[in-house]
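Please examine the protein below.

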Amino acid sequence: MSAQGTATRDYVNEADIFADAFNYLIYNGEQVVDAKALQALDTSLLLSIFGNEENEEPEDKEDEKTEAETAAPKKNRKKKKKPNEAIQRYRDAVKTASIKYDDHFAYIILGIEAQTHIHYAMPVRNLVYDGLQYAAQVEQLRIKHKLSGDKGVTDEFLSGLYQGDRLLPVITLVIYFGSKPWDGALSLRELLEIPDERALPFVQDYKVFLIEPAKMTDDDFDKFSTNLGKVLKFMQRSADKKKMDALLAADDAFKDLDRKAAMVIKNCANINVDLIGEDGADMCKAWEDAQRDAAILATVNMGRRHNIPDEQIKQDIVEMYHLSETEARKNMTDTNTQ
């Protein structure tokens, strides 16, 4: 996994960040999903769907076999089907949440996919994830019934799901940590070519729930109770120097940002961040350093285009940017690799 993927995955797996994202999505910022009530689930989904094979008989059917059938040689007996080929997928973050409604609690499965780039097949990808999540619940219920000795009727046995069983709802949220607008499809139907409009009502749709910085307002950012709002706002402003300068001048919270949040910005905004011990980072200084480095790069490139000797360029950036000769030499070496 890339550094960007690792940083964003670790960040959204933090319980308070995870809960904050869904409180924004579902409850408009109201604190309904409690981080302390979240239970992490296995992010790997490995399934052979669905249930029992039709050629596999319920255990109680053994008692109904005739004596001749029981005594028949194994080679003459009907073979059981081999299970379907397994499907495996890995999710970024998935947890169960217990949410209080009036005087009772309800359970729901919540998943987050952290994107650093636009994924043009996101509706299909989420459909697969959620489908496997539902299939996993069916499989768990099938195993539960089998272990409890509850054989059910034949239809229930073959389904793996009994008539009275119910599944937990699954909601997947995509958090996009890029600065440019998301221009990918947000529903399955947007990806389909349907020449006959009469068929459209019969084509299932699947929507993508997306948080993207580019389309968010200051009011949106304020609905977050954690630094997730700060990270998303930083990413939105990172494409515009004037807006970023104004943001950092107005918000001191960026001077001491949580370590995992800083790692997201470092990798997604491509900014060199000096981490302060294990605690966090000063994003204001990181931004200033990034702008200085960009200016030095422009100075070096311009000098070389005009055939100015590297020694002269080095002396120029020492004076212009108040660097030591060692720092200036390092910057010029870094420039050679870009």
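Predicted model: local features only at pLDDT ≥ 70, side-chain atom pairs only at ≥ 80, totals over all residues.

Me: How many helices and strands does the protein chain have?
Reply: Helices (H or I, at least four residues) and strands (E, at least two) are DSSP runs, numbered from the N terminus. By this definition the protein chain has 12 helices and 10 strands.

Me: What percentage of the residues of the protein chain count as buried?
Reply: A residue is buried under 20% relative accessible area, exposed over 50%, and partly exposed in between (1.4 Å probe, protein chains only). Of the 338 residues in the protein chain, the buried share is 38%.

Me: Among contacts between residues at least 6 apart in sequence, what percentage join residues at least 24 apart?
Reply: A contact means heavy atoms within 4.5 Å. Among contacts in the protein chain between residues at least 6 apart in sequence, the share that joins residues at least 24 apart is 65%.

Me: How many salt bridges does the structure hold?
Reply: A salt bridge is a side-chain nitrogen of Lys or Arg within 4 Å of a carboxyl oxygen of Asp or Glu. The number of salt bridges in the structure is 12.

Me: Where is R91, which meets E113 in a salt bridge?
Reply: The side chains of E113 and R91 meet at 3.2 Å, N to O. The pair links distant parts of the chain, 22 residues apart: E113 is in strand β5 (residues 104-115), and R91 is in the loop between β3 (87-90) and β4 (93-101).

Me: Is E113 buried or exposed?
Reply: R91, its salt-bridge partner, has 3% relative accessibility and counts as buried. E113 has a relative accessible area of 0%, so E113 is buried.

Me: What separates E139 and R142 in helix α4?
Reply: E139 forms a salt bridge with R142, with the closest N and O atoms 2.9 Å apart. E139 is partly exposed at 21% relative accessible area, whereas R142 counts as buried at 17%. Because they are 3 residues apart in helix α4 (residues 122-148), the separation is about one helical turn.

Me: Which residues does E212 touch, not counting residues up to four places away in sequence?
Reply: E212 lies in the loop between β7 (209-211) and α6 (218-221), and is buried with a relative accessible area of 7%. E212 also forms a salt bridge with K215, the closest N and O atoms being 3.5 Å apart. Leaving out residues up to four places away in sequence, E212 touches Y176, P181 and W182.

Me: Is K215 buried or exposed?
Reply: K215 is the salt-bridge partner of E212. With a relative accessible area of 58%, K215 is exposed.

How values were computed:
Residues numbered from 1 in each chain as written. Heavy atoms only, no water.
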